[in-house]
Amino acid sequence: MRSNLKIFGAEVLYLLASTIVAGLAALLQTVGRSYEGDYSSFIWSGSEYRYNPFFYMLGLALFVVFMIIEEVLVVRKRCRFGK
C-alpha cells in the first residue's frame with residue numbers, strides 16, 4: 001500500500017512539473033510574435049500572429065528535452081513495471 005502511494009505521489013509531481021514546463025515553453029514561444037491582423041467569418045473571428053521561428057523552436061525543444069529527461073530520471077527509475 002505504501003509503495004503504491006509513493007508511485008502515485010511521484011506521478012503527481014511529474015505531471016505538475018510537466019504542466020509548469022509546458023506553460024513556460026508556451027510563453028517562450030510567444031517572445032518574438034508580431035501582430036498580422038484580424039480575421040472574421042460567419043461564426044469565428046480572431047487575430048493572426050506571426051511567430052519568431054527561433055523562439056518557437058526553442059520552446060518546443062525545451063518541452064521535448066524536459067519530457068525525455070523526466071522519462072529517464074523519474075518514470076523508469078521509480079516505476080519498474082512487472083517487478
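In this predicted model, the side chains of R50 and E36 meet in a salt bridge with an N to O distance of 3.3 Å, where a salt bridge is a side-chain nitrogen of Lys or Arg within 4 Å of a carboxyl oxygen of Asp or Glu. The pair links distant parts of the chain, with R50 in strand β2 (residues 45–50) and E36 in strand β1 (residues 34–40), 14 residues apart; helices (H or I, at least four residues) and strands (E, at least two) are DSSP runs, numbered from the N terminus. R50 is exposed, at a relative accessible area of 53%, and E36 is partly exposed, at 41% (buried means under 20% relative accessible area, exposed over 50% and partly exposed in between, with a 1.4 Å probe and protein chains only). The structure holds one salt bridge.

Residues are numbered from 1 along each chain as its sequence is written. Local features need pLDDT of at least 70 and side-chain atom pairs count only at pLDDT 80 or more, whereas totals for chains, interfaces and linings use all residues, and side-chain values use heavy atoms, with hydrogens and water left out.

Three aromatic pairs are present, defined by rings of Phe, Tyr and Trp (its six-membered ring) with centres within 6.5 Å, planes under 30 degrees apart counting as stacked, over 60 as edge-to-face and the rest as tilted. Among them, Y35 and Y49 are edge-to-face, at 5.8 Å centre to centre and 70° between the planes, and this pair links Y35 in strand β1 with Y49 in strand β2. Y35 is partly exposed at 48% relative accessibility, as is Y49 at 34%.
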